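Thanks, everyone, for making the time this morning.

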Amino acid sequence: VARAVNSPVYSPEVLARKYGSRPVKVAQRALDVLIALGVFALKLLIDQRYGRVDQNKRKRGAELRMILTRLGPTFVKIGQGLSTRPDICPPEYIEELSQLQDALPTFPDSDAFACIESELELPLDSIFSSISATPVAAASLGQVYKAQLKYCGQLVAVKVQRPGIQEAIGLDFYLMRGLGFLINKYVSGITSDVVALVDEFAQRVYQELNYVQEGQNAKRFKKLYADKEDILVPDIFWDYTSGKVLTMEWISGVKLNEPDALKRHGLKVLDLVSTGIQCSLRQLLESGYFHADPHPGNLLATPEGRLAFIDFGMMSETPEKARYAIIGHIVHLVNRDYEAMARDYYALDFLSPEVDVSPIVPALQSFFDDALDATVSDLNFKAIVDGLGTVFYQYPFTVPAYYALIFKSLTVLEGLALRADPNFKVLAASYPYIAKRLLTDPNPYLRDALIELLFKDGRLRWNRLENLLVQGRKDRDFSTKDALQPVLRLLLDPNGEELRVLVIKEAVHVMEAIVLASAIDTYNSIPYFMRILLNSDANGPFIMSAAELKTLLDLRDQVFRIWGLLQTSESFDPQLLQPVLQVLQQPEAHGLGVRLAGGVTRRLAARMLQQVLLT
């Protein structure tokens, strides 16, 4: 920490004072940037003049990507940031900008080794018994060497910051901020504050220049997520880490975008991506602290099949309120409740409270009705992101940084999987986790979301409960015990009267179905000649239509299937019923039982009276 005390911190005021007195340097860089961007802007004006804006979106997006690459690391970073901002860029631009990679020529090895000695205040040969003569990897802000620590023989990766990078990005962000002021003032088509966006991404890039902070990020990430055996996070060697040098455990592995190498090691991309998605969901929706840049260069598959995260420069956090709102948003999507989906954008901070969401509802309905009716291969996360991007671009949305980075993270993971399986859907792979959270999380917001998902028009949708259990069991952390007790406690809560009415009503239907279906099964076991003597209806001993009979039998069978799912869960133990009995022994449960018994008795009595009157 002491070594990083002078690490750069983004400050627009400091940059303004520094470069405000260096007009020649600023003018030279500004001219380079203006020529490149000016030619691009001229092409956009010509497209607008001749009505070819939509026709050339894809082409212009590709040109912008190449321009930003030529302008250097700051503009590469800005391009990557824009690729996660559907409220600023149309989908065609986002698709092109998402191809940007942090790949630049290496800087001299002598400069890198001198930086190590200066930062750590030790001769190179006293730290490492060996170090690679050339970098094994290079990125926009630094390059990496493979070395062996002298004191213990541990293989390590040594990341060294690019010389002069602070000066280069400082000048670029000073210019970009000035451009942002002009855009805010003169360009009416952009609804977001461009200066604020420049500041937001400049802050993140500057954080990446502090390698001690990156080490702290890795330490926190390891503590939160490396408890799973299929996740690997390297250790940091703090004695050999400073603001510009980061020394971490060397991880031998294969990049996820190298299918041939993975195949040679007997590894499957889909298994690794599934691990990445489950870890990402824990990051996004449990602790909220997540890796914001999981591109193929930052993820490795080890020979043992573990997924290793190796770069922690760009991290972000999901606010607690948003974590639950995201799950609720998925429930509303499943229910096709587009008005509720639109209102979710308030909780997600996409819209300010004074914005009227009523015009947005038809746009959501138009897109999602088509998307949900699409084939399995078409309904992927990227298609949904593109569709939402179109909606965001048309209305006054401001996508928070954390949500834009979520889009980016999951889109990258799905893109890797689609190379191996064109029908892969990240949403389908995420559903077991979502189902487990809905079934087991006692949080009031998620309990309400579960009730909203399961009940409609006063009836329990048993098919959805069955599907939740089927999907939830696929999650390795699913617990049958956790799925039962929170629901019962909610049912007996003093404020749960509305739910109790629904549950009692449904329980009466279930008990009636079980009793009558059992009677029908008993009747069907009687020899045929005896059934003729009883002169029964063709549908059995009760006078009812074939449709009503089928409904009864289907309900009984579905309830039994659900109980079977609970019984066959890996975590099922008969003792899990003990807390259920404890809950049922509470005073509130006695009244519930009386109401249920009364309802069943009245229902069966009415059924018997109906049989007598119709006989």
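I will go through the strands and then the helix packing.

Please keep in mind throughout that what we are looking at is a predicted model.

Let me begin with strand β6, residues 245-249, where four of the five residues are buried, so that this strand is largely enclosed by the rest of the structure. Its partner here is β4, residues 155-161, which runs antiparallel to β6 and is joined to it by five bridges; within that pairing, V156 has E249 of β6 as its bridge partner.

Turning to the open sheet, we have four strands in the order β5-β10-β9-β7, with mixed pairing. Because β5 (231-232) and β7 (254-255) stand at the edges and each has a single partner strand, one side of each is left without a neighbour in the sheet. Strands β9, residues 299-301, and β10, residues 307-309, run antiparallel and are joined by three bridges, with L299 standing opposite F309 of β10. Helix α12 packs on this sheet, where it touches β5, β9 and β10, and its direction makes about 50° with that of β10.

That helix, α12 (residues 269-287), also packs against α18 (residues 426-440), at an angle of about 50° and with the axes 10 Å apart, and the two are therefore oblique to each other. The crossing of α12 past α18 is right-handed. Among the residues making the contact are I277, L281 and L285 of α12, together with V426, A429 and Y433 of α18. By class, the contact residues divide into seven nonpolar, two polar and four charged.

Key: Residues are numbered from 1 along each chain as its sequence is written. This is a predicted model: local features need pLDDT of at least 70, side-chain atom pairs count only at pLDDT 80 or more; totals for chains, interfaces and linings use all residues. Side-chain values use heavy atoms; hydrogens and water are left out. Buried means under 20% relative accessible area, exposed over 50%, partly exposed in between (1.4 Å probe, protein chains only). Two strands pair if DSSP finds at least two bridges between them. Axes are lines fitted to C-alpha atoms, for helices over the stretch in contact, and angles run from 0 to 180 degrees between N-to-C directions. Angles under 35 degrees count as roughly parallel, over 145 as roughly antiparallel, 65 to 115 as roughly perpendicular and the rest as oblique. A crossing is left-handed if the near helix is turned anticlockwise from the far one by less than a right angle, and right-handed if clockwise. Contact means heavy atoms within 4.5 Å. Ala, Val, Leu, Ile, Met, Phe, Trp, Tyr, Cys and Pro count as nonpolar, Asp, Glu, Lys and Arg as charged, and the others, Gly among them, as polar.
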